[in-house]
Amino acid sequence: MTVERLATDADLDGVLAIEDAAFNNPTTREWYESELKRPAVCFIYVLRTPECPVAAFCAFWRVVDQIHINNLAVLPAWRGQGLASHLLAEVMTESARMGVDCATLEVRRSNTAALRLYAKAGFVEAGVRRNYYTQPVEDALVLVCKSTP
Ligand SMILES: CC(C)(COP(=O)(O)OP(=O)(O)OC[C@H]1O[C@@H](n2cnc3c(N)ncnc32)[C@H](O)[C@@H]1OP(=O)(O)O)[C@@H](O)C(=O)NCCC(=O)NCCS
């Protein structure tokens, strides 16, 4: 497995295919194309396996010493094999290299798999955004991970 920054149109097609497979209201190509024009803020990492050029991805913003993870997902056929854990660990390591010491994200309250993934990575609950999601309407839990000095 390798984790690299999104580099080509084919990588973006791979990310959008995962979006379509993973989310009820997938983030649009237009959003990604607009975000990719801000490479100092918007970071997208893709996880490659020998068989699959984009098996998972993580999109986040970096603002000074913090990142906010917007999306992280794995192709359904590749789940349950540690890919998300590996990708998240690489994102946190790479962020630390950039001087980041705090990561935040929102996650659906019912998303047990994601909540376990993030808890294993050291994220803790910091708040709730009521009815944050649509399709279906659901609260978001705000999770935070701070590196220890
Ligand atoms: C959440 C998601 C990214 C996990 O990806 P994954 O590659 O299967 O995760 P991993 O194999 O690295 O598993 C990490 C941990 O998550 C938990 N987990 C993963 N799948 C799970 C499931 N179906 N049910 C319960 N827990 C699960 C486990 O605790 C697991 O650790 P363990 O195997 O040591 O117990 C994947 O299910 C996904 O893409 N879901 C749809 C998109 C999404 O919800 N993204 C999160 C948005 S905030």
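I started with the secondary structure and got 4 helices and 7 strands for the chain. Helices here are DSSP runs of H or I with at least four residues, strands are runs of E with at least two, and both are numbered from the N terminus. The model is a predicted one, so I kept to its limits: local features need pLDDT of at least 70, side-chain atom pairs count only at pLDDT 80 or more, and totals for chains, interfaces and linings use all residues. Residue numbers run from 1 along each chain as its sequence is written.

**Overall fold.** I read the order along the sequence as β-α-α-β-β-β-α-β-α-β-β. I then looked up the radius of gyration (over C-alpha atoms; the globule rule is 2.2 Å times the number of residues to the power 0.38). The chain has 15 Å, which agrees with the value near 15 Å for a compact globule of 149 residues. Its C-alpha atoms fill a box of roughly 40 × 35 × 30 Å along the principal axes.

I noted 25% of the 149 residues as buried, meaning 20 or more other C-beta atoms within 10 Å of their own; exposed means 12 or fewer, partly exposed in between, with C-beta atoms placed from the backbone. A nonpolar core is a set of buried Ala, Val, Leu, Ile, Met, Phe, Trp, Tyr and Cys residues joined through C-beta atoms within 7 Å. The largest one has 34 residues, and Y45, F57 and L87 are among those with the most contacts inside it. Elements giving it two or more residues include α1 (9-22), β2 (42-48) and β3 (56-63). I checked Y45 too: leaving out residues up to four places away in sequence, its contacts (C-beta atoms within 7 Å) include V3, F57, C58 and L87.

**Ligand.** I listed 20 residues around the ligand, with R79, A84, S85, A113 and R116 coming nearest; near means a C-beta atom, placed from the backbone, within 6 Å. Two or more shell residues come from each of β4 (66-74), α3 (83-97), β5 (102-108) and α4 (112-120). The most come from α4, with 6 residues.

Most residues other than glycine have a negative phi, and most peptide bonds are trans. I found the Q135 to P136 bond cis, with omega near -5°. Q135 sits in the loop between β6 and β7, has a positive phi near 50°, and counts as exposed with 8 C-beta neighbours inside 10 Å. V64, in the loop between β3 and β4, has a positive phi near 55°.

Note on methods
Two residues are in contact if their C-beta atoms, placed from the backbone, lie within 7 Å.
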